[in-house]
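Visitor: Could you take me through one part in detail, the way the helices pack? Please set it in its surroundings and state your cut-offs.

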Amino acid sequence: MKPSISFASLSSRRITTTLSPYLFTFIVFVFLLSILHENSVSCFLRQTLNRLQPEASEADNKQTILIETDIKKQVKLPYAIGEPHGDEDHQECDVFSGKWVYDESNRPLYEEPECPYIPSQLTCQKEGRPDKGYQHWRWQPHGCSLPSFNASFMLEKLRGKRMLFIGDSLNRGQFTSMVCLLQKVIPAHAKSMRTVSDSLTVFTAKDYNVTIEFYWAPFLLESNSDNAIIHRFPDRLVRKDSIDKHGQHWKGADVLVFNTYIWWCTGLKFKLLQGSFQDEEKLTEELKTEDAYRVAMKSLVKWVEKNTNPEKNRVMFTSMSPIHEKSREWGGEPNENCLNQTTPIEDPEYWGLGSRKKVMEVVKQEFSKSKVPITLLNITQLSEYRKDAHITIYKKQWDPLTKEQIANPTSYADCVHWCLPGLQDTWNELLYTKLFYPYK
C-alpha cells in the first residue's frame, strides 16, 4: 500500500526548510501589507513563492498524476484478497496453463464416503471402480502454484451470501464438488441439502448463513429440456431471447457460476424457436451450432449487464467440459473410449476433436464486449488430458442394461461426466483462486 500524501503539509515543510530568516521577515512584512491591499499583494506573494520552489511544484504535479493513474487501475473486485496490480508490465500467472502431477500426499481433498451429498451417478468407488489413481492428480500451473483450498476461509468470506451454479449436469457436478469441499468443516447439525423445486437445489451452511445452490438450465435460455427429470428429447428446441424465463430466479445471487455447452452438440444444425412454446404452429430457425450458441452468449451478457453490479457481484463462466468418446483422438486403439483409462494424456499439445474451438472463440468474443466483468474458468484444455477421470460404467444405471451392452461395456460407458472426488475438485480450486486471489 502506498502511504497517503498530504500535498499541503509537504509544501509547508519545504517552505520552512527553504526560507532564510531575512526572507521570512520579508514575508511577514508583505502579509501585514496584504491586510490593506489584499488582492494585489496576495497575488504577489503567490508568485514569489512559486519562483522560490519551481522544482518542488513540478515534482508534486508528477506525483499527483501517478497517484491518479494508480487509482484508475486499482479497481477492487468483490471477495478479492490483495490489491490489483498497478504495474502494466506485470504478467499474471496463467493458472489454466500447466501440467498434472501425481500426488498421493495431498489428493484427494476429501474421501468419497465423507461426502453424503454425492449422487449415485458420480460415486465411482461405491459403484465398483477398481482403481483410485484418478483421485491423486494435482494441477500444477507453470510458474506459480494454486492457493490451498481453505473451506473455513471461504465460508467466512461468503458469510450471509448466496453462491449459485447455473447450467447442466456438468455444472451440477461442479456444484456437488463445491459442497463436498465445504461441508467437511461444518458440523452435521449446521448443514442441510434440500430440493426447492425440480430446477433448484440448495445447500445451506447455517452458522454462516451461506447457501450454495444449483439451478438446472442446460441452455440458459428457455427450452424443451427445462424439466430437470424429463428432458431427453432427440429434437432439442431453444427459444430465442428467453433468458428471463430462468433469469428471474438468479437475481440476488452474490456469486454466479454459469455453464452451457454439451447440450448444444447435436451434430446437426441447431433449431431456435422464434415465438412461444405455446404457439400451435412453431416457427423455427436453423443455425450452425456456433451461431446458435452465440445467440445464447449475447443473451447472457445482456442479462449480466442488467442484473449484476461489479461492486457487489462476481460472475463466472465454466468453459466447455471435454468428452473422450474416441480413443483414436489420443492415439488409442480403434473402437475404444475412456473405459479402462487410468492415466492422463501426456502430450501437452493435445486438443480433442470434441472440444470445438469455434465455440470457445464465441465465448471469448462475446464476453470481451460485456460492460460487466465475466471471469472465464478455462477448464477445457486441462480437462482434455484427463481421459482417466470419467465415470465410465461405474454409476447407478437407471435403465436395465441389455445383453448386448453387458457384453460390450464400451457401448454404454459415460465419457462425459466425472467421478467425485476427482477432476471437478480442481475446477473449484481454480474458481476459488479467481474468486479470492485474482491478482496473484
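Guide: Start with the contacts, meaning heavy atoms within 4.5 Å. Among those in the chain between residues at least 6 apart in sequence, 76% join residues at least 24 apart. This is a predicted model: local features need pLDDT of at least 70, side-chain atom pairs count only at pLDDT 80 or more, and totals for chains, interfaces and linings use all residues. Residues are numbered from 1 along each chain as its sequence is written, and side-chain values use heavy atoms, with hydrogens and water left out.

The chain has twelve helices and 14 strands. These are DSSP runs numbered from the N terminus: H or I of at least four residues for helices, E of at least two for strands. Of the 440 residues, 48% are buried (under 20% relative accessible area with a 1.4 Å probe, protein chains only; exposed is over 50%, partly exposed in between).

Now the first pair. Helix α8 spans residues 289-307 and helix α9 spans 357-368; their axes come within 9 Å and cross at roughly 25°. Because of that angle, α8 is roughly parallel to α9 (under 35 degrees). Axes are lines fitted to C-alpha atoms over the stretch in contact, with angles from 0 to 180 degrees between N-to-C directions. The crossing is right-handed: the near helix is turned clockwise from the far one by less than a right angle. From α8 come Glu290, Tyr293, Arg294, Met297, Lys298, Leu300 and Val301. They meet Lys358, Val359, Val362, Val363, Gln365, Glu366 and Phe367 of α9. That makes eight nonpolar residues, one polar and five charged (Ala, Val, Leu, Ile, Met, Phe, Trp, Tyr, Cys and Pro are nonpolar; Asp, Glu, Lys and Arg charged; the others, Gly among them, polar).

Val363 has another partner. It touches Leu376, as do Phe96, Phe317, Ser319 and Lys364, with neighbours within four places in sequence set aside. Leu376 sits in strand β12, residues 375-377. Its C-alpha is 8.9 Å from that of Val315, 61 residues away in sequence.

Next, the core. The largest nonpolar core holds 104 residues (buried Ala, Val, Leu, Ile, Met, Phe, Trp, Tyr and Cys joined through side-chain atoms within 4.5 Å). α8 gives the most to this core: nine residues. Met154, Met163, Ile212, Trp250 and Phe258 have the most contacts inside the core. Trp250 touches, among others, Arg162, Tyr215, Phe258 and Trp303, not counting residues up to four places away in sequence.

The second pair is α6 (residues 169-183) with α12 (residues 423-436). Their axes are 9 Å apart, at an angle of about 75°. So α6 is roughly perpendicular to α12 (65 to 115 degrees). Leu170, Gly173, Gln174, Ser177, Met178 and Leu181 of α6 contact Gln424, Asp425, Trp427, Asn428 and Leu431 of α12.

Finally, the loops. Pro421 lies between β14 (414-418) and α12. A cis peptide bond joins Leu420 to Pro421, with omega about -5°. Asn335 lies in the loop between β11 (314-318) and α9. Its phi is positive, about 65°, although Asn335 is not a glycine. Asn335 is exposed, at 77% relative accessible area. Most residues other than glycine have a negative phi, and most peptide bonds are trans.

Terms used: Angles under 35 degrees count as roughly parallel, over 145 as roughly antiparallel, 65 to 115 as roughly perpendicular and the rest as oblique.
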